[in-house]
Amino acid sequence: MRKTVAVGMVGCGFYAQNHLHAWSDLGAEGAVLSAVCDRDPARAEAAGAKFGVPHFTDMNAMLDKVGIGLLDIATRMDTHRELAAIAAERGVPAVVQKPFAPTWEECIAIVEKARKHQAWLAVHENFRFASAMRAVKKVLTQGTIGTPTWARLSWRTGFDVYRGQPYLAEEEKLVIQDVGIHILDLARFFLGEVAHLSCETQKRNPKIRAEDTATIMMRHTSGAVSVVEATYGAKRGDDPFPETMLEIEGDGGSLILTKGEKMTVTTQGLTFEDQVGGPLLHWTSRPWHVSQEAVLHTNRHMFERVRDGRPADTSGEDNLKTYALVEAAYEAARSHAAVKPAIWLPQA
Ligand SMILES: NC(=O)c1ccc[n+]([C@@H]2O[C@H](COP(=O)([O-])OP(=O)(O)OC[C@H]3O[C@@H](n4cnc5c(N)ncnc54)[C@H](O)[C@@H]3O)[C@@H](O)[C@H]2O)c1
């Protein structure tokens, strides 16, 4: 008999709309959206009505009333520690949106709490699940360009991100913590762990509180070198928002991903081109579809791993390694010196 998992959505704000649509699509595979919760009653009610499920304004009340097998927490980071702790204590698997938490110490506290209760915990780090990034990973895994030696991962835009997410203008840490975190995760995904990094930040928009531009250079433990760039302050004619541009050189060739999710692979003197993006879905629209379709793949991964009792690729423990790069980048920007990312060692 097919195993189903009842999904409870927590937070029904701006980005959670994508989660809700994705869960709705995944119902056919056995991930059954069963309840929604937002502390804003109007948002909770609207999501419940739209997706035909009961709505709540309190996560505990939702868990008391509905048998939930996976909590999808898409609230902002300041609430993740409290909500993940409830999930751990009640033994309900939980996935929290990125950023994991506002500080490294809080991220560790969330992971430690889940370990104490032997609770399944993951972070919704969706960029690495996008169709284009899966296609890139496949080329690397097949060895088509040999061993990667150098890469540039670039996310540069002037798109008005503050319109949909006005709170970003007030964040104490901005572009590295908000979107750089995705690009740093991709660097790990493609090139492996990082030995040390340096970073320079800039604030180009005078109306915001924190940095909106970051340039990070990393030495990976493999010996490869990567440059990770992220900005909300670019003024570009052909703005690629929200796509990640990639150049990866290996000892046997190269891979370049350009706007429109066009991948160009060169190996043994031959060059191949391919469109590697996913199709538009009934609920996605340009230009957001790149990010939206990644939510569908991420949610599917979370559901399948919970169903099968296996950790997610982006488990809480894995995501600490990405978060350590964020922390190291801020420290490097402050000190103008190379920084080794922190390593978390579980308590005995
Ligand atoms: N992965 C991505 O590509 C991506 C893109 C955009 C945003 N995000 C992340 O998604 C998260 C949410 O961002 P957003 O822009 O949707 O924020 P938002 O403010 O629009 O939505 C958050 C919602 O959570 C609700 N909420 C807060 N505390 C709650 C609680 N204790 N119980 C129930 N509901 C609660 C709020 O009422 C609000 O409706 C952030 O962490 C953000 O970084 C990720």
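In this predicted model, the axes of helix H5 (residues 104–116) and helix H10 (residues 316–335) come within 10 Å and cross at roughly 170°. Axes here are lines fitted to C-alpha atoms, for helices over the stretch in contact, with angles running from 0 to 180 degrees between N-to-C directions. H5 is therefore roughly antiparallel to H10 (angles under 35 degrees count as roughly parallel, over 145 as roughly antiparallel, 65 to 115 as roughly perpendicular and the rest as oblique). On the H5 side, the contact (heavy atoms within 4.5 Å) is made by Trp104, Cys107, Ile108, Val111 and Arg115. H10 contributes Gly316, Glu317, Leu320, Tyr323, Ala324 and Glu327. These residues divide into seven nonpolar, one polar and three charged, where Ala, Val, Leu, Ile, Met, Phe, Trp, Tyr, Cys and Pro count as nonpolar, Asp, Glu, Lys and Arg as charged, and the others, Gly among them, as polar. Helices (H or I, at least four residues) and strands (E, at least two) are DSSP runs, numbered from the N terminus.

Residues are numbered from 1 along each chain as its sequence is written. Local features of the predicted model need pLDDT of at least 70 and side-chain atom pairs count only at pLDDT 80 or more, while totals for chains, interfaces and linings use all residues; side-chain values use heavy atoms, with hydrogens and water left out.

The domain assignment, from an automatic or database source, gives domain 1 (5–124 + 298–314) and domain 2 (128–277 + 322–335). Their C-alpha centres lie 27 Å apart, and the contact takes 15 residues from domain 1 and 14 residues from domain 2.

Helix H9 (residues 289–308) has 20 residues and reaches 29 Å from its first C-alpha to its last, close to the expected 28 Å (1.5 Å times one less than the number of residues). Of its 20 residues, 15 are buried, so H9 is largely enclosed by the rest of the structure. Buried denotes under 20% relative accessible area, exposed over 50%, and partly exposed in between (1.4 Å probe, protein chains only).

Threonine 157 lies in the loop between strand S7 (148–156) and helix H7 (161–164) and is buried, with a relative accessible area of 1%. Its C-alpha atom is separated by 8.2 Å from that of alanine 230, 73 residues apart along the chain. Not counting residues up to four places away in sequence, threonine 157 touches Thr231, Tyr232, Gly233, Ala234, Asp239 and Phe241.
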